[in-house]
Amino acid sequence: MKQVLIVGNWKSNKTNQQAQEWLDQFQISNHNIIICPPFTLLPQLDWRIKNQKLGIKLGAQDISPFDEGAYTGEINGKQIKEFCEYVIIGHSERRKYFSEDDSKLEKKVAMAKKYGIKVIFCVQGEHDVIPQGVEIVAYEPVFAIGTGTPDTPENANETAKKIKEIIDVPVLYGGSVTSQNVKNFTQMPHIDGVLVGGASLDAYEFASIIEKA
Ligand code: PGA
């Protein structure tokens, strides 16, 4: 059986207190799990994961295209590397709300590579530019993100297949994944896991997704 990868993207959600409660409720280990919380939560989550040997990996949701220096408000690769093995780059919300274009995304990927951070690169389809050196691609059609209307497993599988013809890396599906529909995606031959937004915020639902995947 293939090892399914489950990534939780918390987006701009949770205080420290809420993150602690989430971890108290989340009782799963021995799975391939990456949580991508906001930057503010990384130190304490990292501490608890190591302290309690929870076996969860951490990812950042963004990375500065610049190295350390005079870039007010940015979090750079060297800082991210302290806590994270992974970083999400190219999420459609970054492209849409923060005007991130191909050239900026390429710089971000280069920064991640410089600091040895593995990249989960999001695309809307097989026609998006995928920079060299990314470790994982997530196919996330915009119409499916946060809408409750996922892509069909067949179309997601077909898109994952096309992406793999361009770059030979694991491909995740993302967009309205829940415990009810996750298996439909992970059972597809070209889909290696899922990127979960809204449904990862609830520890019990996220655990259920992992169990059913
Ligand atoms: P969703 O988000 O699961 O809430 O649809 C997925 C994502 O944006 O990564």
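Lysine 164 is partly exposed, with a relative accessible area of 22%, where buried denotes under 20%, exposed over 50%, and partly exposed the range in between (1.4 Å probe, protein chains only). The model is predicted, so that local features require pLDDT of at least 70 and side-chain atom pairs count only at pLDDT 80 or more, whereas totals for chains, interfaces and linings use all residues. Residues are numbered from 1 along each chain as its sequence is written, and side-chain values use heavy atoms, with hydrogens and water left out.

Lysine 164 belongs to helix H6, which spans residues 153-166; helices are DSSP runs (H or I) of at least four residues, numbered from the N terminus. Residues up to four places away in sequence being excluded, lysine 164 touches Val169, Val171, His190 and Asp192, a contact being heavy atoms within 4.5 Å. Between the C-alpha atoms of lysine 164 and asparagine 9, which are 155 residues apart along the chain, the separation is 23 Å.

A polar side-chain atom of lysine 11 lies 2.7 Å from a ligand oxygen atom. For histidine 91, a polar side-chain atom is placed 2.7 Å from an oxygen atom of the ligand.

Note on methods. Polar contact = N/O pair within 3.5 Å; in protein donor to acceptor, adjacent residues only side chain to side chain. Helix = DSSP H or I, 4+ residues; strand = E, 2+ residues; numbered from the N terminus.
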